[in-house]
Amino acid sequence: MATTAEKRKPVFIKVEELKPGTNGHNLTVKILESKPVPVPKPRRAPMSLSQRPQRPSRINECLVGDETGCIVFTARNEQVDIMQPGATVILRNAKIDMFKGSMRLAVDKWGRVEVAEPANFAVRENNNLSLVEYELVTVQA
């Protein structure tokens with residue numbers, strides 16, 4: 001007898017299947033490069049609002065991909081340590097963010113980045129989904 005608490009098996013997709021405004025993706029990708037993004041210093045808040053010192057955010061833009069294509073992944077804080085060039089990772093519950101009209105892959109607090117066994121595929125670098133520009137079009141009903 002199946003219970004409702006039974007876990008669903010995750011469905012893994014390929015990079016080329018990613019579309020703007022979507023989420024809940026599970027992918028296995030290789031990291032090609034990882035570059036730090038300068039983060040502006042936060043303005044000092046009055047001490048009454050925040051008693052504890054704020055840790056500076058760390059953000060890296062990482063080019064990741066599989067045999068179908070590649071995309072820029074935005075790694076934040078602890079994720080930066082995992083996203084080393086040459087490593088293979090599993091992205092669970094990843095989402096697509098739009099940045100200046102192009103897609104970026106990200107994993108927020110509802111997802112996970114896990115180190116995986118080295119993948120035996122070559123990344124298709126000539127299909128970079130982050131280089132495709134999208135335009136927001138409003139449709140009148």
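Is arginine 58 buried, exposed or partly exposed? Arginine 58 is partly exposed, with a relative accessible area of 37%, where buried means under 20% relative accessible area, exposed over 50% and partly exposed in between, computed with a 1.4 Å probe on protein chains only. The structure is a predicted model, in which local features need pLDDT of at least 70 and side-chain atom pairs count only at pLDDT 80 or more, while totals for chains, interfaces and linings use all residues. Residues are numbered from 1 along each chain as its sequence is written, and side-chain values use heavy atoms, with hydrogens and water left out.

**View 1. The largest nonpolar core.** This core has 22 residues, of which Leu18, Val64, Ile71, Phe73, Met83, Leu91 and Leu105 touch the most other members; a nonpolar core is a set of buried Ala, Val, Leu, Ile, Met, Phe, Trp, Tyr and Cys residues joined through side-chain atoms within 4.5 Å. Two or more residues each come from β1 (23-37), β2 (59-66), β3 (69-76), β4 (88-99) and β5 (102-106), with strands (E, at least two residues) and helices (H or I, at least four) taken as DSSP runs numbered from the N terminus. The greatest contribution to this core, 4 residues, is that of β4.

**View 2. Surroundings of isoleucine 71.** Leaving aside residues up to four places away in sequence, isoleucine 71 touches Val15, Leu18, Cys62, Leu63, Val64, Ile96, Met103, Leu105, Asn128, Leu129 and Ser130, a contact being heavy atoms within 4.5 Å.

**View 3. The salt bridge of lysine 14 and glutamate 67.** The side chains of these two residues meet at 2.8 Å, N to O, in a salt bridge, defined as a side-chain nitrogen of Lys or Arg within 4 Å of a carboxyl oxygen of Asp or Glu. Lysine 14 lies in the segment before β1 and glutamate 67 in the loop between β2 and β3, so that the pair links distant parts of the chain, 53 residues apart. Lysine 14 is partly exposed at 32% relative accessible area, and glutamate 67 is partly exposed at 35%.

**View 4. The salt bridge of aspartate 81 and arginine 58.** The closest N and O atoms of this pair are 3.1 Å apart. Aspartate 81 belongs to helix α1 (residues 78-82), whereas arginine 58 sits in the loop between β1 and β2, 23 residues apart.

**View 5. The salt bridge of glutamate 114 and arginine 92.** Here the closest N and O atoms are 2.9 Å apart. Glutamate 114 is buried, with a relative accessible area of 18%, whereas arginine 92 is partly exposed at 24%. Salt bridges that share partners join Arg92, Arg112 and Glu114 into one network.
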